[in-house]
Amino acid sequence: MRIGLVGVGRIGASHAKVLRDHPDVTDVVLADVDADRAAQVAAELGVRAVAAPEDAYVDVDAVVIAAATSAHAELIVAAAQAGLPVFCEKPVAPDIAGTVRVRDEVERAGIPNQIGFMRRFDAGYTAAREALRSGKLGELRRVHMVTADAEPPPAGYVPHSGGIFRDCHVHDFDILRWVTDRDVVEVYAIGANRGASYFGEANDVDQSAAVLTLDDGTLATVQGSRYNGGGYDVRMEVAGTEATYAVGLDDNTALTSAEPDVNFPGGTPYREFWSRFLPAYEAEINAFIDVARGTLPSPCTVADALEGFYISEAATRSRLEHRPVRLEEVRAA
């Protein structure tokens, strides 16, 4: 199988290595708006580079997109128009209208498509999902999620990020739907600014919280922070009538027990997403090879990604307008 890859930053270069090492991939073609960067990464990995992103769509069997966020939508549409299976990092597009347009394009073309919500490939989230489906947890009663960064993003990133609920918590919203197999029907979200002024200047927040009501009445909560001094903290509690599973609770969790004589967690806390989720990033690309050749249904389509974006939009609107927002309101907009 021949794979074109557009975008060779940290994530793109990692994806390229996974593709190169896959036994069924015979050719990897790298492209980037910075052609010199593409050539450098290609030389390091022993694969090919081409001069421009559009050249990565020529004489290949599928395309992987890890380019800048602003380019995602048009690169996915180009793959659809070329009839090529496509993987793309999130987000699909910067807004709902753009995401709907891309969804319609890929569905019209009938191409296999996968969006990179890597938590679906994390061992802990997978175990929680299976425990809930098997009945081991009993009936679902409560979900709590945390996503907290050890250090804030740079000032120049925030105005174009879409805000904390679209940029950061969309991962929580996607994994909530995936683990529970339920839809969100209402969101109430709030936020605060306790750090640098550039968050408020961009009409964003650096601390966040939300209550989400699922379609079976279950309440889920999410909390977030751009300033978590203990480290990079991503966790999920899934509580049922028989048991509770905690995702992300391991020796490197960014927590310190206040209980006497308790030394867990005892390892070095994660500081960023890459070390925490590298195995999941690798697994999602290996899965895409099977998606592209038609032997595996897509684990996360553009349509799935749109559902998470609807929740992010509802949370953003709720925070800005200080009221609960129903998902049906967002869908109808």
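1. Between domain 1 and domain 2 there is 1 residue pair in polar contact, with both residues at pLDDT 80 or more. A polar contact here is a pair of N or O atoms within 3.5 Å; within protein, one atom must be able to donate a hydrogen and the other to accept it, and residues adjacent in sequence count only if both atoms are side-chain atoms. On the side of domain 1 that touches domain 2, the elements giving two or more residues are helix H1 (10–21) and helix H4 (96–109). That side has, by class, 5 nonpolar, 2 polar and 3 charged residues. The classes are nonpolar (Ala, Val, Leu, Ile, Met, Phe, Trp, Tyr, Cys and Pro), charged (Asp, Glu, Lys and Arg) and polar (the others, Gly among them).

2. The model is predicted: local features need pLDDT of at least 70, side-chain atom pairs count only at pLDDT 80 or more, and totals for chains, interfaces and linings use all residues. Residues are numbered from 1 along each chain as its sequence is written, and side-chain values use heavy atoms, with hydrogens and water left out. Helices (H or I, at least four residues) and strands (E, at least two) are DSSP runs, numbered from the N terminus.

3. The protein chain is divided into domain 1 (2–111) and domain 2 (120–276 + 308–332), with bounds from an automatic or database domain assignment. Their C-alpha centres lie 28 Å apart. In contact across the boundary (heavy atoms within 4.5 Å) are 10 residues of domain 1 and 10 residues of domain 2.

4. How much area do domain 1 and domain 2 bury between them? The value is about 800 Å², 71% of it on carbon and sulfur atoms; buried area is the accessible area (1.4 Å probe) that two parts lose on being put together, summed over both. Within domain 1, Arg 10, Lys 90 and Ile 96 lose the most area to domain 2, together 66% of what that side buries.

5. Domain 1 and domain 2 have 1 salt bridge between them, the term meaning a side-chain nitrogen of Lys or Arg within 4 Å of a carboxyl oxygen of Asp or Glu. Lys 90 also forms a salt bridge with Asp 167, their closest N and O atoms being 3.8 Å apart. The peptide bond from Lys 90 to Pro 91 is cis, with omega near -5°, and Pro 91 is found in the loop between strand E5 (86–89) and H4.

6. By the same rule the count comes to 28 salt bridges. One of them joins Glu 74 and Arg 101, with the closest N and O atoms 2.4 Å apart. This pair links distant parts of the chain, Glu 74 in helix H3 (residues 72–82) and Arg 101 in helix H4, 27 residues apart.

7. Asp 27 lies in strand E2 (residues 27–31). Its side chain makes a polar contact with the side chain of Arg 48 (2.8 Å). Leaving aside neighbours within four places in sequence, Asp 27 is in contact with Met 1, Arg 2, Ile 3 and Arg 48.

8. The axes of helix H5 (residues 123–134) and helix H7 (residues 170–180) come within 8 Å and cross at roughly 35°. Axes are lines fitted to C-alpha atoms, for helices over the stretch in contact, and angles run from 0 to 180 degrees between N-to-C directions. Tyr 125, Thr 126, Ala 128, Arg 129, Leu 132 and Arg 133 in H5 meet Ile 175, Trp 178, Val 179 and Thr 180 in H7.

9. Asp 181 has a positive phi of about 60° although it is not a glycine; this residue lies in the loop between H7 and strand E8 (184–192).
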